[in-house]
Amino acid sequence: MATSATIHAHAAPQGFIRKYIFSLDHKVIGLQYYFLALIAVFVGMFLSLLMRIHLIWPTAVLPLVGEIKPETYLSLLTMHGTIMVFFVLTTAPQSGFGNYFLPIQIGAPDMAFPVLNMLSFWTTFVAFVVMIAAFFVTGGAPLHGWTGYAPLSALTNTGPGEQLGADLWVTSIAVFCIASLMGALNFITTTLDLRAKGMTMMRMPLTCWAWFITAILGLLAFGVLLSAGILLLLDRNLGTSFYVPLVVVNGQVMAHKGGSPLLWQHLFWFFGHPEVYIAILPSMGVASQLLSTFSRKPIFGYRAMVYAIMAIGILGFVVWGHHMFMSGMSPYSAFAFSIMTMAIGVPSAIKTFNWLGTLHKSKIRFYAPMLFAVGFVSLFVSGGLSGPFLAQPVLDIPLHDTYFVVGHFHLIMGVASIFGIFGATYYWFPKMFGRMMNEGLGKLHFWLTFVGTYAIFMPMHYLGMAGHPRRYSQLTEVAYLHNLIPVQTFMTYAAFITIAAQFIFLINLFWSMFKGPKASDNPWEATTLEWTTATPPPHDNFGGHTPVVYHGPYEYGVPGAAKDYVMQTDPTPVTAH
Amino acid sequence: MASLSSTVPVKLPETGQGGGVHPPAYGGGGDGGGGDGYPDYGQRLRRARLGLAIALAPIFMFFVSITSAYIVRQGLPTLDDKTNSYVHDWIPVQLPLGLLLVNTGLLAASSITAELSRRQITRQAALAPVKSIPGVSLGDERRLPWLYVTVLLGGGFLAGQWLAWQELATRGFYIATSASSSFVYLLTAAHGVHLAGGVLVLLYAATISLLNKPVEARRIVVDVTAWYWHFMFLLWVGIFALLWFAR
C-alpha cells in the first residue's frame, strides 16, 4: 500500500516552472488537461457555429473567415469532430478529472508514475498544437471527416487540405495515441497498486471504477489506432498501398494498387468504438457520484453498477462492425455485430434503472451539479435509444450517413458526456479552487444548455428519417432537401442561443475562481475521500498522513448514524444494511 | 484500527557501500517506507514491473493489428486492370534468411546477457547492506559487464537489421514495391524502433551506475528493462516466424 513517504520522497516543488509548467503533481496536471480541453471545446464550438451558419446562409461572407466553400465546410466538420472527440471528450473527463481525483479518491498521494504523468500531458499538448497547425498550412485543414476514410485520406491530391494538413492531422492523432497510452498506464497502475488501507476495489467510488475501466479500454484501443495512423502515413508519403486500391483521381491513375479501404475502416473502428465508451464512461461515473450525493441515498445496486461498467467495456470491443454495416460486409457478420450491439443495451439499461432507483423516494438537493447529473440521465436515454435503431442492419440502410446518426452521437457524446463534465466541474470546483461557483448562473447555464441542446439535436432524428444526408454543404442545391431547410434554420437559431449560454459558464468559472465565496472542506456533505482533506488539497493530498477507509463510498441515510452521511474514513462502525 | 503514520522527512538513501547499516529493503510488509525514511524498493520494483506488464499490452495490440492486416492482405485478391479480373498479387519477399538468422542469434544472446545482468544487479542490490558491515568482505566477485555486452549485442542486432534492409533493396524489394515488402519493412522497422528504445534505456541504466545512484534504484531500471528486452526478443521471433513461414 502507499504511504506518503514512499512516493513523495521530495518536498513540494518551488519555482514557477516546477510548480505550474512541468509539475509532477497530479492535481496540477489534471487542471492542465482540463484547461486544454476548455480551449479545445471553444475552438470546436466555434467551428460548429461556422457550420451552422453556413448551412442556412451558404453564400454568406463572414468576417475573418470569408465565404465558406463546400470543401471548407468539409474541413470545418473534420476538425470539429476530431478536436471535440480527442481533445475534449477523451481529455477532460478522463485525463482532467481522473488525474485530479483518482489518487485522492483512493487515498494515494499521487499517481504511480508522476514523471510519466507530466510527459503524457505535454505530449497531448504537442498533439493539440500540431492539430491546430493544420489550419494554417498551405491547403488548410483536411476534409476527410474525423473518421478519415481511405482512399480519400490516403492520397494527397484528393482535395484542398489533403497535403500537409492531412499529414499534420495524422501525426497529431499518432502523438495523441502515445500520450493516451502513457496516461492509461498510469491510471491502471495507480488503481491497482496505490489504494489506501481499507480501500478495496469494491469500496471505490464509481468514478474510480469508470476511470479504471476507461483506462483499460484506452490501453487496448489506442495501440490499434496508432498502427492505423502509421499505415496511413506510409500510404500518403512513401507510396505504399495498405489502404489504396487501384484508383483514378481527376482522370489520373494513381501509382497504388492492391490496398483495401476496408482495412482502414476495420482498424479505425476497432479503436473508434471503444473510443466512444471512453468518452461516456467517466461521465457515467460522475453521474453516479452526483446522483447519490445530492439525493442523500446510496447508489442503487453498487455491485451491478460495477459489473455493468465492465460489461460495457468488454462488449465495446466486439461491436465495431456496426459502423460498417454499409461497407458491403457479409450479412452474417452484420448479424453478429448487431446482436452484440444490442447486448450493450443491457448493461446500459441496468445503469439507467439504477440511477432512477437512486433517485426514487429520495430527498433531492437541487444544486447545479445535480441538475447536470439528472440532465445526463435524460440525455443518455434520449441519445442511447436511437442506438438500437442504428444497430439493426436493415434499419441502418436508410439511416446510415444521415442526420439520424449525427443526432444520435451528438446527444450521447456531445451533450450527455459534456453534462458529465459540467456536473463534475460544478461539483469539484470548491475542492479544486477553494471557492463556490455561482449557483444562480449555474442553474441558468443548465436550463439554457439543456433546452438548447435538445432543440438542436432532437430534430436531427426527423431529418435523418426524411433522408437528409450528413456532411452536405449546400442544402439549397439539392431539391428534395428544400422542405427540410426550415428545420435546419430552427437548429441554427437554437445553436446560437446554446453557444451563447456557454459563455455564462465561462464567466462563472473564471469569476468564481477569484471572487467566489470561500468553500468549506465538504460543502456538499459528501462521503468520498476528497472531501476529507483540505480545500484545496495540500501537495501530498492528505497533509502527511495516509487515510484509512472503513466504509463504502455511498453511505448516505444510514440508520442510526449521527448525520445523514458517513464518510469513508469515519472509524465509527455502522450496522450492516 | 486506525493508525496514522507520522510524517518523516525523507533523507536521500545512502548506498550500501559505506555509511550506516540499513535494514533489508524488502522486508517489513507494506509499511516499510514510512518508518525510517528508507524508500521501499521492493514496492517500487513491484510497481515498476506492474507498469511494464500493463505497457506491454498496447505494444502487443499494435503488432497484433499489423499482423492481422498482413494475414488478410495476403489472401486478398485484387483487381488486375489489364485482365479486369481478381488475382492474388502477393509476391513472397526474398528475405535474406542467413542474415536474419544471425540477427536472431545476436538478439537471443543479448537476451541471455540481459538476464545475466539482471541477476547480477539483483545480487548486488541484495548484498549491498552486507558490504557496509565493517570487516565483512564478499571477496572480489568477477564483475563482467553484462549490461554493456547487452547494449553492444542489441546495437549489433539493429545494425544487422539495417544490413538486411540494404540486402532487400539490392534484391529489388523496397517499401512500396509490393504489399508483402511493405509489411516486411513496416514490421521490422516498428520492432526496431521499440528495440532501440530499449537500447537507450539500457544505456541510461549503464550510465547512471557511474552517477552513484543507489544500487537498489538501478536494479529496478535494469530489471524492468531486461523483462522488456525478453519481450522484444519473443516479439522478434514471432515477427520472423510470420514473415518466413507465412511469406
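Biologist: At what angle do helix α3 and helix α6 of chain B pack?
Modeller: This is a predicted model. In chain B, helix α3 covers residues 97-131 and helix α6 covers residues 215-245. Their axes lie 9 Å apart. The packing angle is about 160 degrees.

Biologist: Are α3(B) and α6(B) roughly parallel or roughly antiparallel?
Modeller: They pack at about 160 degrees. Angles over 145 degrees count as roughly antiparallel. Therefore α3(B) and α6(B) are roughly antiparallel.

Biologist: Is the crossing of α3(B) past α6(B) left-handed or right-handed?
Modeller: The two helices pack with axes 9 Å apart. Where α3(B) passes α6(B), the crossing is left-handed.

Biologist: What radius of gyration does chain A have?
Modeller: Chain A holds 16 helices and 4 strands. For its 577 residues the globule rule gives 25 Å. The value for chain A is close to that, so the chain is as compact as a globular protein of that length. Its radius of gyration is 24 Å.

Biologist: What share of the residues in chain A is buried?
Modeller: The C-alpha trace of chain A spans about 80 × 50 × 50 Å along its principal axes. Of the 577 residues, the buried share is 56%.

Biologist: How far apart are the end C-alpha atoms of helix α4 of chain A?
Modeller: Helix α4 runs over residues 70-89, which is 20 residues. At 1.5 Å a residue, it should span 28 Å. The model agrees, with the ends 27 Å apart.

Biologist: How many residues of α4(A) are buried?
Modeller: α4(A) is largely enclosed by the rest of the structure. That follows from its buried count, which is 17 of 20.

Methods. Residues numbered from 1 in each chain as written. Chains lettered and ligands numbered in written order. Predicted model: local features only at pLDDT ≥ 70, side-chain atom pairs only at ≥ 80, totals over all residues. Rg over C-alpha atoms; globule rule 2.2 N^0.38 Å. Buried ≥ 20, exposed ≤ 12 C-beta atoms within 10 Å, placed from the backbone. Expected span 1.5 Å × (residues − 1). Axes fitted to C-alpha atoms, helices over the stretch in contact; angles between N-to-C directions. Parallel < 35°, antiparallel > 145°, perpendicular 65-115°, else oblique. Left-handed = near helix turned anticlockwise from the far one by under 90°.
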